Amino acid sequence: MATLVDSAKIVPTEASEKIRNLLSAEGKEHFDDVYLKRKLGASPHIRAIGCMFADIAAHAQENGLTSAETVARIRATSEFFIALRGDSSTAIVTALQILTSGLDEWEQAPLDRLCRHMLCVTENYHREAAGWEKTIKEYGVNILRDKHSMLLYDYSSLVCAMLESAAADGHCMDIYLPESRFLNGGYPFVRACIENGHRVHFFPDVAIYHFMKQADLAMMGAETFFPNGDMVNTIGSELVALACKRYEKPLYIPTSLIKVDRRTMEGREKKQLYRDLKSILSQNWKDEYRDKADFICPNLDIVPPELITAYITEEGVVPCSALFGICSSYVERLSQKLSEKERSAEA
C-alpha cells in the first residue's frame with residue numbers, strides 16, 4: 001500500500017483558493033463546509049459539492065461565462081475534490097462521476113440549456129440520495145426499537161438521522177460516545193443526541209472496552225466498504241469491532257451502496273492514508289522534543305467481515321455473506337446508468 005501523509009492542520013493553498021474564487025458568497029460557504037471540515041461525512045460533502053456545481057451554473061451568465069467555460073469550472077471543482085477526498089471516500093468519486101457524466105458534450109450548447117441541465121442533474125441526485133437515506137434510516141430505527149443503549153464511533157449523518165427519528169417516536173436511549181483524539185468525531189453527535197432527549201455518556205476512546213459492556217449494540221458509518229464485507233473507516237474502528245466481538249454485541253454499518261469500492265472488484269487495493277498529528281499531539285511540547293519525535297499515524301482501519309453483524313443499506317439489512325451479490329448488481333446498474341447518460345449527452 002502507498003504511504004500518503006497528510007497534515008492534520010487545514011490551511012488554504014493556491015489550489016484551494018483558485019477553486020474557492022470560482023464561487024459566489026453562498027458557494028464559498030459550501031466550499032468551506034467541505035474543505036475546512038465544518039461538516040463531516042461523505043453524504044453532506046457530496047451535497048455541498050453538488051451545490052457548488054449548481055452555484056457555478058446559476059451565476060454563469062452574470063459572470064460572462066460561455067458554456068465551455070462553465071463546464072471547465074465545474075470540471076475543475078470536481079477534480080479538486082476528487083484529489084482532496086477521493087483516496088478516502090469512494091462515495092465522493094462515484095457521486096461526482098454521476099453528477100458530471102456527459103458534461104463535456106454540453107460545451108457547445110446554449111448557456112441557458114447547460115445551466116438548466118446542471119441544476120436538474122444536481123436536484124435529481126440530491127432527491128435520489130435523500131430517498132436512499134430515508135430507507136436506511138427506517139431500517140435502522142427498526143433495529144433500535146427494542147434497544148436501550150448504543151455505542152457510536154465516528155460521526156455519521158445517517159446514524160444521527162436514526163437517533164432523531166427514534167426520539168420523535170418517544171424512544172430515547174443511552175448513547176455511549178468515545179471521543180477520538182485523531183478526528184474528534186464524537187463531539188458532533190453530542191448536540192443532536194442531547195437535543196433529541198438521548199442520554200449521552202462521553203469518554204476518551206481508550207475506555208471503549210469498558211463502555212462496550214454496557215451497550216446493547218454499536219453502529220459506525222463507513223468511509224467506504226468492499227464487496228467481500230471489509231469496511232474502511234477512521235482508525236479506532238477495528239477496536240470498536242473487537243470490543244463488540246469480545247462482549248458478543250452486534251455491530252451494524254449503516255451506509256448507502258454508493259460507498260462500495262468498485263476498484264477491488266478489478267484487483268486493485270485500497271491505499272492506506274496517514275496523517276501527521278504533530279499539531280494535535282504536541283501543542284504543549286518543547287520544540288527540542290517535538291522536532292525529534294515521529295507523529296505519523298494511519299488514517300484508516302479495515303474492519304474484516306467476521307467482526308460485522310450486517311450492513312444497513314437501501315437494499316435492506318444485509319449480512320456480509322450476501323453483500324457481494326448485491327454490490328455486483330449495484331455496480332452493473334451504476335455502469336449502465338453512466339453509459340446511458342453519456343449516450344444521452346452525445347445525442
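The largest cavity has a volume of about 120 Å³. A search of the whole structure turns up one cavity of 30 Å³ or more. Here a cavity is a set of points, on a 1 Å grid over the protein atoms alone, where a 1.4 Å probe fits but cannot get out. Grid points are joined across faces, edges and corners, and a volume is the space filled by probe spheres set on the points.

The model is predicted: local features need pLDDT of at least 70, side-chain atom pairs count only at pLDDT 80 or more, and totals for chains, interfaces and linings use all residues. Residues are numbered from 1 along each chain as its sequence is written, and side-chain values use heavy atoms, with hydrogens and water left out.

The largest share, five residues, comes from α6. Helices are DSSP runs (H or I, at least four residues), numbered from the N terminus. By class, the lining of the largest cavity has eight nonpolar, three polar and three charged residues. Ala, Val, Leu, Ile, Met, Phe, Trp, Tyr, Cys and Pro count as nonpolar; Asp, Glu, Lys and Arg count as charged; the others, Gly among them, count as polar.

Now the second largest pocket. It holds about 420 Å³ of space. Of its 17 lining residues, Y155, S157, C160, P188 and A192 are the closest to its centre. A pocket is an open set of points with protein on both sides within 12 Å along at least five of seven lines. Helices α7 (157-168) and α8 (187-195) each supply at least two lining residues. The most, five residues, come from α8. The lining of this pocket divides into nine nonpolar, two polar and six charged residues.

Next, the helix pairs. Helix α2 (residues 25-35) packs with helix α3 (residues 42-58) at an angle of about 155 degrees, their axes 9 Å apart. That makes α2 roughly antiparallel to α3. Axes are lines fitted to C-alpha atoms, for helices over the stretch in contact, and angles run from 0 to 180 degrees between N-to-C directions. Angles under 35 degrees count as roughly parallel, over 145 as roughly antiparallel, 65 to 115 as roughly perpendicular and the rest as oblique. The crossing of α2 past α3 is left-handed, meaning that the near helix is turned anticlockwise from the far one by less than a right angle. On the α2 side, G27, H30, F31, D33 and V34 make the contact (heavy atoms within 4.5 Å). On the α3 side, the residues are H45, A48, I49, C51, M52 and D55. Six residues of this contact are nonpolar, three polar and two charged.

Helix α2 also packs with α4, at an angle of about 15 degrees and with axes 12 Å apart. The two are therefore roughly parallel. Their crossing is left-handed. F31, V34 and Y35 of α2 meet F80, F81 and L84 of α4. This contact has six nonpolar residues, no polar and no charged.

Helix α4 (residues 67-85) has another partner, helix α5 (residues 90-100): their axes come within 10 Å and cross at roughly 170 degrees. That makes α4 roughly antiparallel to α5. I74, R75, S78, F81, I82 and R85 of α4 contact I92, V93, L96 and T100 of α5. Six of these residues are nonpolar, two polar and two charged.

Definitions and conventions: On a 1 Å grid over the protein atoms alone, a cavity is a set of points where a 1.4 Å probe fits but cannot get out, and a pocket is an open set with protein on both sides within 12 Å along at least five of seven lines; lining residues have an atom within 4 Å of a point.
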